[in-house]
Amino acid sequence: MDEEDEDRYRAPALDKGLDILELLAGIDGGLTQAEIAKRLGRSPNEFYRMLDRLVRRGYVTRNDGDRYSLTLKLFGLAQLHQPVRRLVSFATPLMSELAETSHQANQLVVFDRGSAVVIAQQEAPGYWGISIRVGSHISLFDTGSGHVLLAFRSDEQRRMMIAENAKNGETPPVTPEFLARLDQVRDRGYEMMASMQTAGVFNLSAPVLGPDGRAIAALTIPYITLVNVPSAPNINETVHLLLRMAERLSRLAGSDVVQDRTNGESVGK
């Protein structure tokens, strides 16, 4: 297609909207309408209606007075596309291996439009295990998976995830203590917490990191003590198995910033 044909099929409104999205994708903290116009070499008035539509459709949010930032809606849409299916394809044999070595079930969870969503599930090899159906929506705030997905994100992305979750009707418990817990999870490299849904279960969750070092998924074991399986790893040993498997998945996802937290130190509840 030559330049004349390209001009013939131009869609100026679409181009303008895509210009805004591509610009904001590379900006932390957002831009004002005037700053957007200046960077794109246009008049501010040209962008008023387009920004209004992008805000109303949920792709852009307006905050701090007159600053516009991307939401995670595009990220959520991407979760429905090929990369997630590819991630599940990579993860399935490794999750099966993890179930065999740990004697526990495990699941893979991603963030999608305000919720933590189970995209893959591996049953425990024995009679006993905790399973969650694929497609289930679970809380960001009282599950190990949710904590990991929030912890391994930038502060700005974390705020947007929480804001999107609030649109689903859930009241986010965003207290200083909760944010400190997320920082602790990030520093430690994983979450270990008593399940707030099922007595006797501990959520063991580790991040699957992308190339930018941010969590693209959480790999979680709902750990139960198997008193009838003497050879089953204890909870500390299971954490190390989980971390090693999450690191392998991260490397398959293209991450080269995986922190080694499997050096044998004891982990506590």
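Of the 269 residues in the chain of this predicted model, 46% are buried, a term that stands for under 20% relative accessible area, with exposed meaning over 50% and partly exposed lying in between (1.4 Å probe, protein chains only). The accessible surface of the chain, computed by the Shrake-Rupley method with a 1.4 Å probe, comes to about 14200 Å², and 51% of this area belongs to carbon and sulfur atoms. Residues are numbered from 1 along each chain as its sequence is written, and side-chain values use heavy atoms, with hydrogens and water left out. Because the model is predicted, local features need pLDDT of at least 70 and side-chain atom pairs count only at pLDDT 80 or more, whereas totals for chains, interfaces and linings use all residues.

The chain holds 10 helices and 9 strands, which are DSSP runs numbered from the N terminus (helices: H or I, at least four residues; strands: E, at least two). Six of the strands, in the order S6-S5-S4-S9-S8-S7, form an open sheet with antiparallel pairing, where two strands are said to pair if DSSP finds at least two bridges between them. Strand S6 (137–138) and strand S7 (191–194) are the edge strands, each pairing on one side only. S7 is joined by 4 bridges to strand S8 (residues 202–209), the two running antiparallel, and Glu191 stands opposite Ser205 in S8.

Helix H10 (residues 235–252) lies across strand S4 (106–112), S7, S8 and strand S9 (215–223), and runs at about 20° to S8; such angles, from 0 to 180 degrees, are taken between the N-to-C directions of axes fitted to C-alpha atoms, for helices over the stretch in contact. The largest nonpolar core has 27 residues, and Leu108, Leu242 and Leu249 are among those with the most contacts inside it; a nonpolar core is a set of buried Ala, Val, Leu, Ile, Met, Phe, Trp, Tyr and Cys residues joined through side-chain atoms within 4.5 Å. H10 gives the most to this core, with 8 residues. Leaving aside its neighbours within four places in sequence, Leu108 is in contact (heavy atoms within 4.5 Å) with residues including Leu87, Met95, Val208, Leu219 and Leu249.

Apart from this core lies another, of 22 residues, among them Leu149, Leu150, Ala151 and Ile162. Helix H7 (residues 144–151) is largely enclosed by the rest of the structure, because 8 of its 8 residues are buried, including Gly144, His147 and Val148.
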